[in-house]
Amino acid sequence: SGYAKIDKLKEFSIDDLLGRDIVIPDENLLGSAIENKNICITGGGGSIGSEICRQISTLNPRKIVILESCEYNLFKISKDLRIGLKSNIKIKSILGSTLNQDLVSQIFLNEKVDLVFHAAAYKHVPLVEENPISGIENNVISTINVCKASQNSSVKHMVLISTDKAVRPKSVMGASKRVAELIVKKFSAEQDISNFENFTKYTTVRFGNVLGS
């Protein structure tokens, strides 16, 4: 427009590219599900999982259990959380895969997990297109394992982190996440509602592309 001067450049943050105001999380709403609870995040070292870990760490959980298959990512998020913590929240770092049904069940039982965020998945469309079997195995089988373990361990709430690419999917990644959503829906529908003590609430939330990931 002719108003900018070459010597008046300024730094900008990635938030400036958002095109709308930032929506601040409602701590009262989130806190009731997390405060003084044992929370497990699968894929907790990934771009989405690690941010979930950071957000949860500000809401006074009793324990954060991070299940991650990448050693470096697990080391990094565990270190970041311990540096940033201002309370006595316990951090449990577990190097392993959600494809291991016995491991997932053991974690949920031993750590007395109340709430699970299932963020472990292969999310990059081109890579999953090139490796469809691995993508389907990781995104579908792991979801079955986490749902079964939640049911068998009396986890109160299981949340699948899905994607907008599951809407009328045109990629293997999107299709695999849509199948994962249907798996969660099936586990929810087949529960005995009268058995309140062992009832697990199954939820799916779809994330679009994550800014900064």
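1. In this predicted model, N60 lies in the loop that runs between α2 and β2. The phi angle of N60 is near 60°, a positive value in a residue other than glycine. Most residues other than glycine have a negative phi. With a relative accessible area of 43%, N60 is partly exposed.

2. A second residue belongs under this heading. N36, located in the loop between α1 and β1, has a positive phi of about 60° although it is not a glycine. N36 counts as partly exposed, at 47% relative accessibility. Both loops deserve a look at the backbone in the display above.

3. The next topic is the pairing of the strands. Strand β1 (residues 38-42) and β4 run parallel and are joined by 4 bridges. Within this pairing, I41 has F117 of β4 as its bridge partner. On its pairing with strand β5 (residues 157-163), β4 again takes the parallel sense, over 4 bridges. Here V116 stands opposite M158 in β5.

4. How do the side chains of strand β4 (residues 115-118) point, and are they buried or exposed? L115 and F117 point one way from the strand, while V116 and H118 point the other way. These four residues are all buried. The arrangement may be set beside the general rule that in a regular strand the side chains alternate between the two faces of the sheet.

5. Strand β2 (residues 63-68) pairs with strand β3 (residues 90-95) in the parallel sense, over 6 bridges. Across this pairing, I64 stands opposite I91 in β3.

6. Salt bridges form the next point. A search of the whole structure finds 9 of them. E51, R54, K76 and D80 are linked in a network of such contacts, and its individual pairs are taken in turn below.

7. E51 and R54 form a salt bridge, with the closest N and O atoms 3.7 Å apart. Both residues lie in helix α2 (residues 47-57), 3 residues apart, which is about one turn of the helix. E51 counts as partly exposed, at 36% relative accessibility. R54 is also partly exposed, with a relative accessible area of 31%.

8. Which residue does R54 meet in helix α3? R54 forms a salt bridge with D80, the closest N and O atoms being 3.4 Å apart. Because R54 lies in helix α2 and D80 in helix α3, the pair ties together parts that are 26 residues apart in sequence. D80 is partly exposed, its relative accessible area being 29%.

9. D80 also meets K76 through their side chains, in a salt bridge of 3.4 Å from N to O. D80 and K76 are 4 residues apart in helix α3, so about one helical turn separates them. K76 is partly exposed, with a relative accessible area of 38%.

10. On the cysteines, the structure holds 0 disulfides. C53 is in no disulfide, and the nearest cysteine sulfur, that of C40, is 9.0 Å away. For a disulfide, two cysteine sulfur atoms would have to lie within 2.5 Å. C147 is likewise in no disulfide; for C147, the nearest cysteine sulfur is that of C40, 13 Å away. C53 counts as buried, at 0% relative accessibility. C147 also counts as buried, at 0% relative accessibility.

11. The last point concerns the surface. F12, I14 and L17 form a nonpolar patch there, with about 340 Å² of accessible area together. L17 is found in the segment before α1 (27-34). L17 is exposed, with a relative accessible area of 59%.

Terms used
Residues are numbered from 1 along each chain as its sequence is written. This is a predicted model: local features need pLDDT of at least 70, side-chain atom pairs count only at pLDDT 80 or more; totals for chains, interfaces and linings use all residues. Side-chain values use heavy atoms; hydrogens and water are left out. Patches are made of residues with over 30% relative accessible area and no salt bridge: like charges are joined within 9 Å, nonpolar side chains (Val, Leu, Ile, Met, Phe, Trp, Tyr) within 5 Å. Accessible areas come from the Shrake-Rupley method with a 1.4 Å probe; for residues, only the protein chains shown count as cover. A salt bridge is a side-chain nitrogen of Lys or Arg within 4 Å of a carboxyl oxygen of Asp or Glu. Helices (H or I, at least four residues) and strands (E, at least two) are DSSP runs, numbered from the N terminus. Buried means under 20% relative accessible area, exposed over 50%, partly exposed in between (1.4 Å probe, protein chains only). Two strands pair if DSSP finds at least two bridges between them.
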